Amino acid sequence: GTFTLLAGEEDAFDGEEIALLDEMAADLSFGISVIRARVRNAETERVARQALTHDAITGLPNRSAFIQRLSDALAAGAGQGQEPLAVIVLRLTRLQEIYDGFGYDPGVAVLREIGRRLGASIGSEIGLARLQSDEFGAFVPGHDANRASGLVARMLSVIREPVRIADADIDIAANIGASFYPGHGDDAELLV
């Protein structure tokens, strides 16, 4: 930016006025630099917080965020007379084959697409996360084994549909399992 001061006559400002104007310009410059540094620091902190709680590839919450959210849901459910809760873990069984056969970038593209599809198919009310390299997890308050089976079916239908990478349709395979609160325990790690 610029700070411009004009006068109609030559040498309109004496030495003290020029020194004052120089000091004002330096103060403004310093203030703008401080504001810009704060904005950069705030963005850096936001990115760091995001990295602590979200998977860099899929953008989904990571395992630690999932465990925290699940623990919070379990605590809330315990206070409401042990409302049932389903925890579902889906493991991609052929992910390493995809990496070995197609390379890293296509493998990452498969993970992104599976994460996107799972999120779209199960809805935002369900706590979905990428737990580790080949695992996705979901938890659903208010679901017992009967209600969870519909969610499992939706998740598996996403997996059965091939993922198109470049000119190839890549078949995905997965194992899926479920545990239920309160029957299988009351600890998030144990349920996962």
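How many salt bridges does a search of the whole structure find? The search finds 8 salt bridges, a salt bridge being a side-chain nitrogen of Lys or Arg within 4 Å of a carboxyl oxygen of Asp or Glu. Welcome to a predicted model, in which local features need pLDDT of at least 70, side-chain atom pairs count only at pLDDT 80 or more, and totals for chains, interfaces and linings use all residues. Residues are numbered from 1 along each chain as its sequence is written, and side-chain values use heavy atoms, with hydrogens and water left out.

**Helix α4**

- Helix α4 covers residues 104-122, which makes 19 residues; helices (H or I, at least four residues) and strands (E, at least two) are DSSP runs, numbered from the N terminus.
- From first C-alpha to last, α4 reaches 27 Å, close to the 27 Å expected at 1.5 Å a residue, where the expected span is 1.5 Å times one less than the number of residues.
- Among the buried residues of α4 are Val110, Leu111, Ile114, Arg117 and Leu118; buried means under 20% relative accessible area, exposed over 50%, and partly exposed in between (1.4 Å probe, protein chains only).
- An α-helix has 3.6 residues a turn, so residues three or four places apart point the same way.
- Glycine 123 follows α4, and its phi is positive, near 90 degrees.

**Salt bridges**

- Side chains of opposite charge can pair when their charged atoms come close.
- Arginine 91 and aspartate 134 meet through their side chains in a salt bridge at 3.6 Å, N to O.
- This pair links distant parts of the chain, 43 residues apart: arginine 91 is in strand β1 (residues 85-92), and aspartate 134 is in the loop between β2 (127-132) and β3 (135-141).
- Aspartate 134 is buried because its relative accessible area is 15%, whereas arginine 91 counts as partly exposed at 32%.
- Another salt bridge joins the side chains of arginine 117 and glutamate 161 (3.8 Å, N to O).
- Because arginine 117 lies in helix α4 and glutamate 161 in the loop between α5 (145-160) and β4 (163-165), the pair ties together parts that are 44 residues apart in sequence.
- Arginine 117 is buried, with a relative accessible area of 10%, while glutamate 161 is partly exposed at 45%.
- Glu113, Arg116, Arg117 and Glu161 are linked in a network of salt bridges.
- Arginine 164 forms a salt bridge with aspartate 169, their closest N and O atoms being 2.9 Å apart.

**Arginine 130**

- Arginine 130 is part of strand β2 and counts as buried at 7% relative accessibility.
- Its side chain makes a polar contact with the side chain of aspartate 55 at 2.8 Å; a polar contact is a pair of N or O atoms within 3.5 Å, where within protein one must be able to donate a hydrogen and the other to accept it, and residues adjacent in sequence count only if both atoms are side-chain atoms.
- The backbone oxygen of glutamine 132 lies 3.4 Å from a polar atom of the arginine 130 side chain.
- Not counting residues up to four places away in sequence, arginine 130 touches several residues, including Asp55, Leu111 and Phe136; contact means heavy atoms within 4.5 Å.

**Isoleucine 176**

- Isoleucine 176 belongs to strand β6 (residues 174-181) and counts as partly exposed at 28% relative accessibility.
- Valine 152 is 24 residues from isoleucine 176 in sequence and 7.7 Å from it in space, C-alpha to C-alpha.
- Leaving aside neighbours within four places in sequence, the contacts of isoleucine 176 include Val152, Met155 and Leu156.
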